[in-house]
Structures are given as structure tokens and as C-alpha cells.
Amino acid sequence: MDCTDAYKEHIEYTFNAFCKVVIRYAAINAWRDRDKRRQREISFEYLAEERFYPFCTSDTYFIDPYKQYPVMICGRRVILTNGELAEALSSLPEKKREIIYLYFFGRYTQQEIVELYGRCRSTAWHHIHSALQMLHEEMEVLFREES
């Protein structure tokens, strides 16, 4: 089937008209999207006037990352880098500090702690758990005092 020149020209004009319609509607959609985005945007002048939105923050966590806090536990000096944790550990009773040291710093198992204190395993877990609860409460108290 041979196409005549008139038919080829008709196809070309039809394709051009189709492309123009697609481009026009794409432009309309782009304008609508841009208008919707503009409605949701907040200008910097508005943010500068408001005192609730600071432009920057300063992180106090990394002010002195190498500061050391020594704590004496079980006759050994433990160096901590968290001052609140060191203070909370120091405020715990001696036995609780020893259990925390043996379990977390000394890497003793519950069975080894049982053998040291001459108790059953469930008692060792109870002491570890209660020491952690006391430490958690002390940390909360210290955190509330700072705020």
C-alpha cells in the first residue's frame, strides 16, 4: 500500500497537532504543581520574624568528647566518658556498683557472679536487674536537674 504525498502530509500535521496538545497540557500541569508548591512554602522573612524557628542549633553533646570521669569500683579505677553516668554510678550502693562492674565492665557471667557471692542464679539476676533500675532512676534524676 503506497502512501500518497497528501496522506503523508496529513499524518505529519496530525502528529504535530498531537505534540502541541501534549506539550500544552504538560505546561498546564507544571504551572499547577508550581502553584501548589508555592502555597505550601514559607518565606524566609516569615521565619526570621518568628522566634520559634531558629536557623541553626548547637550540639552540646560533642563539646568535650575526650573528658574523662574516673570512678572507683571494686578497688579498680574505671574511666568513663559520660559525666552523668559516672555520677549516677558513684551514687549507687557499693554492692550494686560491684555487680554492675562485674557484669558489664568485667564481663563476668551470672554463674561467675553467683560463685563470688555464694547465691543462686536467680538472685544474681535480681541484683543485676535492681542495680540497673537504680542506675536508670539516678540518671533520670540527674537529667531532670539539668533541664
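Select Glu94 and Arg97 in helix H4 to begin: because these two residues are three apart in that helix, they are separated by about one helical turn. Glu94 forms a salt bridge with Arg97, and their closest N and O atoms are 3.2 Å apart; the term requires a side-chain nitrogen of Lys or Arg within 4 Å of a carboxyl oxygen of Asp or Glu. The structure holds one salt bridge. Glu94 counts as partly exposed at 38% relative accessibility, whereas Arg97, at 14%, counts as buried; buried means under 20% relative accessible area, exposed means over 50%, and partly exposed lies in between, with a 1.4 Å probe and protein chains only.

Before moving on, keep in mind that this is a predicted model, in which local features need pLDDT of at least 70 and side-chain atom pairs count only at pLDDT 80 or more, while totals for chains, interfaces and linings use all residues. Residues are numbered from 1 along each chain as its sequence is written, and side-chain values use heavy atoms, with hydrogens and water left out.

Stay in helix H4 and select Lys96. Which side chain of opposite charge is nearest to Lys96? That side chain is Glu137, 10 Å away, and Lys96 is buried yet has no salt bridge; for charge, Lys and Arg count as positive and Asp and Glu as negative, with His and the chain ends not counted. Leaving aside residues up to four places away in sequence, Lys96 touches His127, Ser130, Ala131 and Met134, where contact means heavy atoms within 4.5 Å.

Now colour the chain by secondary structure. The protein has six helices and two strands, and from the N terminus on its elements run α-α-β-β-α-α-α-α; helices (H or I, at least four residues) and strands (E, at least two) are DSSP runs, numbered from the N terminus.

Next, select Ile73, Leu80 and Leu89, which touch the most other members of the 19-residue largest nonpolar core. Such a core is a set of buried Ala, Val, Leu, Ile, Met, Phe, Trp, Tyr and Cys residues joined through side-chain atoms within 4.5 Å. Two or more residues of this core come from each of strand E1 (69–73), strand E2 (76–80), helix H3 (83–91), helix H4 (94–105), helix H5 (110–117) and helix H6 (121–146). H6 gives the most to this core, with five residues. Centre the view on Leu80 and show its contacts: not counting residues up to four places away in sequence, Leu80 touches Lys67, Gln68, Tyr69, Val71, Leu85, Ala86, Leu89 and Phe105.

From there, follow helix H3, where Gly83, Ala86, Ala88 and Leu89 are buried. At the start of H3, a side-chain oxygen of Asn82 reaches to within 3.0 Å of the backbone nitrogen of Glu84.

Two loop residues come next. Most residues other than glycine have a negative phi. Cys74, in the loop between E1 and E2, is not a glycine but has a positive phi of about 55 degrees, and Cys74 is partly exposed with a relative accessible area of 31%. Arg107, in the loop between H4 and H5, also has a positive phi, near 60 degrees, and at 68% relative accessibility Arg107 counts as exposed.

Finally, show the surface of the whole protein, which exposes about 12,500 Å², with carbon and sulfur atoms supplying 55% of it; accessible areas come from the Shrake-Rupley method with a 1.4 Å probe, and for residues only the protein chains shown count as cover. Buried residues make up 18% of the 147 residues in the protein.

Key:
A polar contact is a pair of N or O atoms within 3.5 Å; within protein, one must be able to donate a hydrogen and the other to accept it, and residues adjacent in sequence count only if both atoms are side-chain atoms.
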